[in-house]
Amino acid sequence: MVKICCIGAGYVGGPTCAVIAYKCPEVKVTIVDINQNRIDQWNSDILPIYEPGLDEIVKATRGRNLFFSTAVDEAIIEADLIFVSVNTPTKKTGMGAGFAADLAYIEAATRRIAKVATSSKIVIEKSTVPCRTAESMRKILDANSRADINFQILSNPEFLAEGTAIEDLFSPDRVLIGCLDTPEGHKAQQTLADVYAHWVPRERIIGMNLWSSELSKLAANAILAQRISSINALSAICEATGADVDEVGFACGLDSRIGPKFLKASVGFGGSCFQKDILNLVYLSESLNLPEVAAYWQQVVIMNEYQKSRFAARVVKKLFNTITNKKIAVLGFAFKKNTGDTRESAAISLIKYFIQENANIHIYDPKVSVEQIEEDLIYPGIATPEQYAKRINIHQDAYSAAQDADAVIIVTEWDEFKTLDYSRVYENMNKPAFIFDGRLILNHKELKAIGFEVEVIGKVIQ
Ligand code: NAD
Ligand code: UGA
């Protein structure tokens, strides 16, 4: 029986390795983490992350061939293949602060493998890492392990998006497996390819060199985010000219060389990876003494910040240039629908602007807990504890959040926001009642007919 260990039970390690266990019943998969609380949640009825379809997969496999544990060393010792799926956030201090990826978790996990392994292993980079990280991992492994043990390192980046993780894992566009160009490297690559081949067509399992595989992950995220910043830049032109960004995106997307996806204008992209990975690419470019290349990619992040501040400024301007003590209902706090993840959510940036203007903010999100909102707003200093107590209110439904509000702001594209009874929302709001659609999901003409003042990213509603 092949044994797999996954270090890191997060948004990637959890779903990815649960799907491997589901699709490969003869493989034993153990997902380990140093966070006891997270492992307890994975072993409970309420999983630590919300992802459509994940509950069913975990229920079908947990205790059969899927195990969650904090016994990291035991899992390393018994595994043939080890996925390293730990977090790689942007460094907050020190060299490269604000740009470079913090590789401390990767290094700690690698050192642990080197220290406790008693047999040869295939170590797989699943985390998103800077190009050539595998080289550092190899040095750490070789310098700290028993001489008779051999490690092969593969790069196998993950392309799932939150909210559609299970779908993406079941039928990925491609699975990349990067290896060193040696017979042992290719053998390891084949071993991992055989795992994926249980459900992924062979032609979608792509072998390539290690550094291409590492860089392809950063490149794919940078190009996806670039499309969003491109359409968001156009949305500002639309608002100033009377063009409609939905129509412009649609027209461009019909060109088969461009394609329709990721051209939806928004209040700005969020999530734990786009910004982090572009900044990582910027840092890599700077380190390679390529300042023009660095500036090119950094503009994608600058445009995203501009989009959020532009939207916040529009809210203030439309509400007669002051939102002091006004009631603003923020619908959605997660960075996108179908996830409870709030990392880098546009909601956090918007609320920061609104708090500075002394507005009262009423938040509703179907999947984000009160504790999470508190952590996101107080801990990084978006709101002081006093401001939080005075200005932030969290609601259990959208109607209650919008009661007596001056403006409703759609920040996340949750399906339930499309089907609210907007006549009821309107009746209970202060007049004039404003609605700002930051995700272009509502029927704007209908809202206008109800009586709302409607403001939309990338278009002017007549
Ligand atoms: P996460 O923070 O949700 O999970 C990482 C987990 O690793 C945490 O639970 C943490 O406790 C654990 N961990 C850290 N150091 C450890 C150690 N030494 N031993 C054991 N456990 C340890 O992060 P995530 O969102 O799953 O992302 C993981 C990686 O995957 C990142 O590099 C990210 O860029 C990449 N990625 C994420 C997504 C996504 O949608 N979230 C998609 C593709 C790739
Ligand atoms: C993204 C990529 O899509 C995944 O392929 C990648 O694996 C992942 O990053 C990662 O490396 O972590 P994710 O961040 O989970 O996935 O979600 P996306 O669907 O890409 O959305 C990111 C942000 O862009 C969201 O805030 C979303 O609302 C926004 N977005 C997306 C737009 O504003 N417009 C669009 O057209 C598409």
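This section describes aromatic pairs and charge-over-ring contacts in a predicted model.

A search of the whole structure finds twelve aromatic pairs. One of them joins F262 and F274, whose ring centres are 6.3 Å apart and whose planes meet at 70°, so the pair is classed as edge-to-face. F262 belongs to the loop between α10 (245–253) and α11 (274–287), whereas F274 is part of helix α11; the pair therefore ties together parts that are twelve residues apart in sequence. The two partners fall into separate accessibility classes: F262 is partly exposed, at a relative accessible area of 39%, and F274 is buried, at 13%.

A second pair consists of F320 and F434. Their ring centres lie 5.9 Å apart with the planes at 75°, so this pair is also edge-to-face. F320 is located in the loop between α12 (291–318) and β9 (327–331), and F434 in strand β13 (residues 434–437), so the contact ties together parts that are 114 residues apart in sequence. F320 is exposed, with a relative accessible area of 56%, while F434 has a relative accessibility of 5% and counts as buried. Both residues are members of one aromatic cluster, which is formed by F311, F320, F434 and F436.

Lysine side chains are also placed over tyrosine rings. The charged end of K367 sits over the ring of Y50, at 4.2 Å from the ring centre. In another such contact, the ring of Y426 has the charged end of K431 over it, 4.7 Å from its centre.

Key: Residues numbered from 1 in each chain as written. Chains lettered and ligands numbered in written order. Predicted model: local features only at pLDDT ≥ 70, side-chain atom pairs only at ≥ 80, totals over all residues. Heavy atoms only, no water. Phe/Tyr/Trp six-rings, centres within 6.5 Å; stacked < 30°, edge-to-face > 60°. Helix = DSSP H or I, 4+ residues; strand = E, 2+ residues; numbered from the N terminus. Buried < 20%, exposed > 50% of the residue type's maximum accessible area, 1.4 Å probe, protein only. Lys NZ or Arg CZ within 6 Å of the ring centre and 35° of its normal.
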